[in-house]
Amino acid sequence: MRITELLRQEAPTFSLEVFPPKTSEKYTETAENARKIAALKPDFMSVTYGAGGGTGAYTTQIAAGIQRQYGVPTLAHLTCVSSTREHVRDMVRIYRENGIENILALRGDIPADGSVSRDYRYASELIRELKAEGDFCLGGACYPEGHIEAPNRKEDLKHLKEKVDAGLDFITTQMFFNNDVFYNFLYRAREAGITVPVIAGIMPITSPRQLQRSAALSGTDVPRRFRAIVDYFGDNPAAMKQAGIVYAAEQIIDLLANGIRHIHIYTMNKPDVAEGILRICPREALRNGQT
Ligand code: FAD
């Protein structure tokens, strides 16, 4: 099923993420986590793509397996900055052969040693190529606080508009811990003429280390209120996990109450965390009479 069809519905949508293993030894564990996450019956599941492009086969296997075995539509990610055009073409063929209709088209992070392919500089180039294929539903990434490399938010929004115009059907946000940041971004995006559905990306933080890593990589602001929670509960793993679940659930409840319909949870391959959030935000209750 194409994700645009799901996003057209009046009722809120929940999607959950899985990332593929880096090595074959971890494959069974990841596939089992994917099964448990699929059992939560999300509207769709996204499957990430290893930054260097070397684990694309796992992305395909997991995404195709979820659709085939559990009937949950998938969104397979694809990055380009470390890939040749030929490799991207191969991946597109493999995705198509495996029944994948939805692709999140990304540039990918620049590797630490700066080595990038000569074929791609920005996600918009990949999006144009995928759009020309004609048969994929395409998503892209967006950054409510501005992408970490962008000189400012205005410049980043200008490039986001170019990316959407290149052929995106929807965009998914980077994590944010302060919903006001998201509301402000949505307003600016609409003002800039970006009209495609925006899916709000929520990352449940369950350990201080995860927070440090995620915030450093993305440049996401950590509000004082959330910092205090991590300071207080950080030394107690069980309490920190519960506090992280509650914080993410509160964010989702506030988003839904303010008319945001599409929520993506960065589950970090942790079915229990996703389940904890969905226990606090039971989907049926949050639909508010919508079907
Ligand atoms: P782009 O849209 O190309 O933007 C990158 C930077 O270039 C921005 O600063 C932008 O402002 C700038 N820019 C764009 N166009 C131009 C232009 N014409 N001129 C000058 N500057 C320009 N990474 C993975 O490796 N695998 C994944 O599966 C993955 N999934 C993700 C899912 C989501 C929802 C998000 C938000 C991120 C994900 N990432 C993933 C991380 C992503 O690859 C990085 O954030 C990466 O640094 C940027 O990718 P992009 O597609 O947003 O790039």
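Reader: Is Cys137 buried or exposed, and what is its relative accessibility?

Author: The model is a predicted one, in which local features need pLDDT of at least 70 and side-chain atom pairs count only at pLDDT 80 or more, while totals for chains, interfaces and linings use all residues. Residues are numbered from 1 along each chain as its sequence is written, and side-chain values use heavy atoms, with hydrogens and water left out.

Cys137 is buried, because its relative accessibility is 0%. Buried means under 20% relative accessible area, exposed over 50%, and partly exposed in between, with a 1.4 Å probe and protein chains only. A search of the whole structure finds zero disulfides (pairs of cysteine sulfur atoms within 2.5 Å). Cys137 accordingly takes part in none, and the nearest cysteine sulfur belongs to Cys142, 15 Å away. Cys142 is likewise in no disulfide, with the sulfur of Cys137 as its nearest, 15 Å away. Cys142 also counts as buried, since its relative accessibility is 1%.

The preceding helix may be considered next. Helices (H or I, at least four residues) and strands (E, at least two) are DSSP runs, numbered from the N terminus. In helix 5, residues 123-133, the buried residues are Ala123, Ser124, Glu125, Leu126, Ile127 and Leu130. Their cover, judged by contact (heavy atoms within 4.5 Å), includes strand 5 (137-142), strand 3, strand 4, helix 4 (85-97) and helix 6. Just after helix 5, Gly134 has a positive phi of about 90°.

The ligand is surrounded by 24 residues, of which Tyr49, Asp109, Tyr143, Asp156 and Lys163 are the closest. Polar contacts, pairs of N or O atoms within 3.5 Å, can be described for three of them. A polar side-chain atom of Asp109 lies 2.6 Å from a ligand oxygen. For Tyr143, the corresponding distance to an oxygen atom of the ligand is 2.7 Å. An N or O atom in the side chain of Lys163 is 2.7 Å from a ligand oxygen. Strand 3 (74-79), strand 4 (102-106) and helix 6 (153-165) are the elements that give two or more residues to the shell. Helix 6 supplies the largest share, namely four residues.

Conventions:
Near = heavy atom within 4 Å. Polar contact = N/O pair within 3.5 Å; in protein donor to acceptor, adjacent residues only side chain to side chain.
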